[in-house]
Amino acid sequence: MTVHRHSRRPYAYLQVLILALTAAAIAVGTVGLYYVEQRLVAVAGENLALAAAQTAQHMDRVLLERQGDAQMMARAFARQIHSLGFLTEYVVWMRAHYSAYLYLWLGVTDAEGRIIASSDASSVGQDYGREVWFEAVRRTRAVHVGDVEPYEAGGGVDSVAFTAPIVGPQGEFLGVVTTRIGLPAIEEQVTRTVRMFEQQEGFIGTIEYQFLTDDGRVFIDSDLEHKGLVNLKRMGLPSALLSDRAQPGYVEEDHLRRHVPVVTGYARTNRGEGGGGLQWTVLLRMDRSNIVAPIQTVLWKLGLAGAIVMAPLLGFLLWSAGRLRAEWVQAELESTRAKAAEEALRESETRTRVIVETALDAVVVMASDGRITEWNAHAETVFGWPRAEAIGRVLAETIIPPAHREAHERGLRRFLETGQGPLLNRRVEITACRRDGGEFPVELAITPARQGNVHTFSAFVRDITQRKESEKRQAAQLAVTVALSEARTLDDAAPKLLQAVCETVGWELGVIWRVDRAAALLRCERIWHAPLKGIEAFAALSRDTTFPKGVGLPGRVWATGQSVWITDVLKDANFPRASGAAQVGLHGAIGFPIVLGGELLGVLEFFSRQVRQPDDDLQRMMAEIGIKVGQFIERGLLEEQLRQSQKMDAIGRLAGGIAHDFNNLLTVISGYSQLLLNQLDVGDERRDKAEEIKNAGARAAVLTKQLLAFSRKQVLAARVLDLNELVAGMNGMLRRVIGEDIDLVTLSGSSLGSIKADPGQIEQVIVNLVINARDAMPQGGRVTIETANVEVEAAVLSQSGSVQPGPYVMLAVSDTGCGMDPHTQANMFEPFFTTKEQGKGTGLGLATVYGIIKQSGGHILVSSKVGVGTTVKVYLPRVHQAAAAAAESVPVADRPVNGSETVLLVEDEDSIRKLLGQQLRIRGYTVLEAGKGEEAMDLCRRHRGPIHLLLTDVVMPQISGRELAERLASVRPDMRVLYMSGYTDDAVVRHGVLESDVSFVQKPFTPSQLLRKVRDVLDVRR
């Protein structure tokens, strides 16, 4: 018994020892698993924080670009603030052509805050003068960015408002331009950015995202079903509260809706220049269960291994209590425990290897001698070295570029000597090297470790090439926007634009080609290149080269209207400049169109010394740049058109201002010269002098009409016309004008529509165009007059403005003459501009045509080529009315001009009143004269007999002619009225005279013209 008791004591002790060791192993395993799990969570949290920071930076750039757009429009509008048509057309165009950014609304206010131009016509006239954002911009003269709020006019869509001041050349405040950007467009870009992170290797599961305003309100949520007015700061969500810190970070928390553990990365947009004045919070979160999913298999294996270990141990304890074979059982148990320990070691090594292999980054471990001791699968992908070949290699010769290897070795020696290193325990961005020698940017974190006297260095390397490329492209777009917003012309913008694209995207040379439509060629407009040896020769070759459609890179873009990417120009069969490119070492190239309203205006071309593969994202970005350049060119064309219109209006106002006095003087000159001629005998030597005075007055009257025609101030007698009949009636006269050495060909369109215009003015247009054609063919040739119905499908930019879509009647006059050079074409409608010798022309021919067509609501298109000829096309709006038949009238020579009726003559100019009274009395009329309206009313009351006609000036002091006629109508209801005026159309209209049932005679007129008009008015049956 004693022996038995002593033999059992070791087994009892052994049982306790085994239980203790088992408990310790379980505790160590639990702690180890907890550490691994926490490490995975920490790595995921850091990645989410980094992703949130990058998303916030992307949002900063988006907001800054929209801010740049507002500033660009504000600078453009500073010179056009009084041109409401231009402003309205511009904001409507922006709203229609930039749907990619979802401009919900654009508006322009005056200095008091009243909307003067808007993409929504219903908002014009609304007063925002007391709005906080308007007061802020007016006070600070800086861009104001409003935080997120619903845009009610757009269906309640959340939006952000950008408001920029419009400042005049002297710094005066002229108003603001304000835009509303729909958040759906911003949310779409956020979604693409987040989904890009999800696709990176190592992310498991879906990333949720939320955007918060500064006060914590959610305005973008990946879960649209639960999106609503939620304030996460008020609800106390830890990530929302921690986001007020300046630096990005992450936190573990419970999901407020699903109540599951999540890891949330947070970051804030920049309140300064990069953020456009907003400070939003970006939250990116993942379920904790998805993060720790990679180690779930390991946990199951460990549990199974633990069960395998514990079951035999427990069985041993029960069995050893009643068995005498304790020594044999003990040996078996020790053997089992040894095997379990070996398996656990292998499990631990496997677990560590799984963690390293599944890391999001390339993991490289280096010994103190600089050789690689660990190399995970992601490192094989990033650097191109298989693990078997990388292990044992010198790190500096494997992944570090040659230019940085010496610095790496110095840093390693310094750490081994001092324990300090500039790159340790922090994230830095450096350049790494692949197996094929290619260099690329990486983000690097190095952690040193020491075991005894042995040092190891663990490096976590992340390839950031895609991120850097995205940053470069965004920087390129921003630089282009800034260059275009600060420039006035394409010549000013081109160097900065080309340099910005080349330097930010990595090209060495950029070229702008412009379309020469007359020559059907592409010509080099501007070149920028990096300071490379020999590149100037290629630039000179490009300047001297032209391309037709389909030839070379620019010609292929012109022919297709699409971007063209050439991987290597030296291997491209359709690249005429290949020899020049080979001398410089240029390989990759891209060309893309500059488009305006569906029309290709030019081509942008870029070259690289590297062989570059096609990049869809880069091509999309280049296409957007092409649209912006086209928009910039359109802005320049509109500004030039506006300046031309303002100049013509200024000259027109000058002509209209002097017309009244000049016409009165011409009336007196013509009248008295006619009276003098009537009193002189045919043989009187003074008669020739009187004739010269009369002829000079007539020529001056014609010149006045021409001035009023080009300034669009003449009084028109518009009626519905058949253009074919009008041209046919002029055929004989035109043949006499052009002479026998020029053929006149008329091509009349069938079923020609009607137009509404003054027939005399249209005849003047045809005569002027035919005479110009004749003068362009001194050796003879052919003039063709063509009419046709045309349908304009899309807006066309013409020399007289934008031809809007719709039905027109076209009148074309073509010649086979000398044609016009670009300088002549640019100035052909200028008043007093002429290419004829001094004394051979006034320079008012085409200016008169321009004024008549514009006043008639039409447009002009001119195409000309030196040595080939010129074609002038006039587009007049088609009307749905039949042309009125020409009224039969008594020949002028047969009309009676004498009379016996009583005429009340009212004229404030004494000389004209005296002349007209004398002329009427000579022809038998009784004349009552008055110098102003009140005097005429008194004469009318005192005169006992009938008054048959009131002949009155329109514009007079105190009482106008129209008002006088209305007052006398109640006293003399049977008295007829004939108005006369030396003023132009605008003044006559303002005084209510230019109506279809009102008789009117325009000064200057001859005595016979006035007498016939008086007779016509008196003879009209009521």
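**Labels and their grounds**

Glu901 is buried, and Arg1015 is buried as well. The model that carries these labels is predicted.

Q: Why is the pair Glu901 and Arg1015 said to tie together parts of the chain?
A: Glu901 lies in the loop between strand S31 (869–877) and strand S32 (902–906), while Arg1015 belongs to helix H28 (residues 1007–1019). The two parts are 114 residues apart in sequence, so the pair ties them together.

Q: Why is Glu374 called buried?
A: Its relative accessible area is 17%. Buried means under 20%, so Glu374 receives that label.

Q: Which label does Arg387 receive, and why?
A: Arg387 has 31% relative accessibility. The range in between buried, under 20%, and exposed, over 50%, is called partly exposed, and Arg387 therefore counts as partly exposed.

Q: What makes Glu374 and Arg387 a salt bridge, and which parts does the pair tie together?
A: Their side chains meet at 3.1 Å, N to O; the limit is 4 Å, so the label applies. Glu374 lies in strand S13 and Arg387 in helix H10 (residues 387–390), so the pair ties together parts that are 13 residues apart in sequence.

Q: What makes S13 and S14 edge strands?
A: The open sheet of 5 strands has the order S13-S12-S16-S15-S14, with antiparallel pairing. Strand S13 (372–375) and strand S14 (427–433) each pair on one side only. From one strand to the next, the twist averages 35 degrees.

Q: How do you know that helix H12 packs on the sheet?
A: Helix H12 (residues 405–418) touches S12, strand S15 (439–451) and strand S16 (454–463). Its direction makes about 140 degrees with that of S16.

Q: What makes Asp938 and Arg941 a salt bridge?
A: The closest N and O atoms are 3.9 Å apart. That value is within 4 Å, so the pair qualifies. Both residues lie in helix H25 (residues 933–942), 3 residues apart, about one turn of the helix.

Q: Why do Asp938 and Arg941 carry the labels they do?
A: Asp938 has a relative accessible area of 30%, and is therefore partly exposed. Arg941 has 51%; exposed means over 50%, so that is its label.

Q: Why is Leu928 called buried, and what is it in contact with?
A: Its relative accessible area is 14%, so Leu928 is buried under the 20% limit. Leu928 lies in strand S33 (residues 926–930). Leaving aside neighbours within four places in sequence, its contacts include Val903, Leu905, Leu939 and Ile947. The C-alpha atoms of Leu928 and Leu939, 11 residues apart along the chain, are separated by 7.6 Å.

Q: Why is Ala690 called buried?
A: Ala690 has a relative accessible area of 1%; the label requires under 20%, so it applies. Ala690 has its place in helix H19 (residues 686–710). Beyond neighbours within four places in sequence, Ala690 is in contact with Ser673, Leu676, Leu677 and Leu680. Ala690 and Leu677 are 13 residues apart in sequence and 6.3 Å apart in space, C-alpha to C-alpha.

Q: Why can Ile669 belong to a nonpolar surface patch?
A: A patch residue needs over 30% relative accessible area. Ile669, in helix H18 (residues 616–679), has 36% and is partly exposed, so this requirement is met. Leu665, Ile669 and Ile693 make the patch, of about 260 Å².

Definitions and conventions
Residues numbered from 1 in each chain as written. Predicted model: local features only at pLDDT ≥ 70, side-chain atom pairs only at ≥ 80, totals over all residues. Heavy atoms only, no water. Pairing = 2+ DSSP bridges. Helix = DSSP H or I, 4+ residues; strand = E, 2+ residues; numbered from the N terminus. Axes fitted to C-alpha atoms, helices over the stretch in contact; angles between N-to-C directions. Contact = heavy atoms within 4.5 Å. Patch = residues over 30% accessible without salt bridge, like charges linked within 9 Å, V, L, I, M, F, W, Y side chains within 5 Å. Areas by Shrake-Rupley, 256 points an atom, 1.4 Å probe, with all protein chains shown as cover. Buried < 20%, exposed > 50% of the residue type's maximum accessible area, 1.4 Å probe, protein only.
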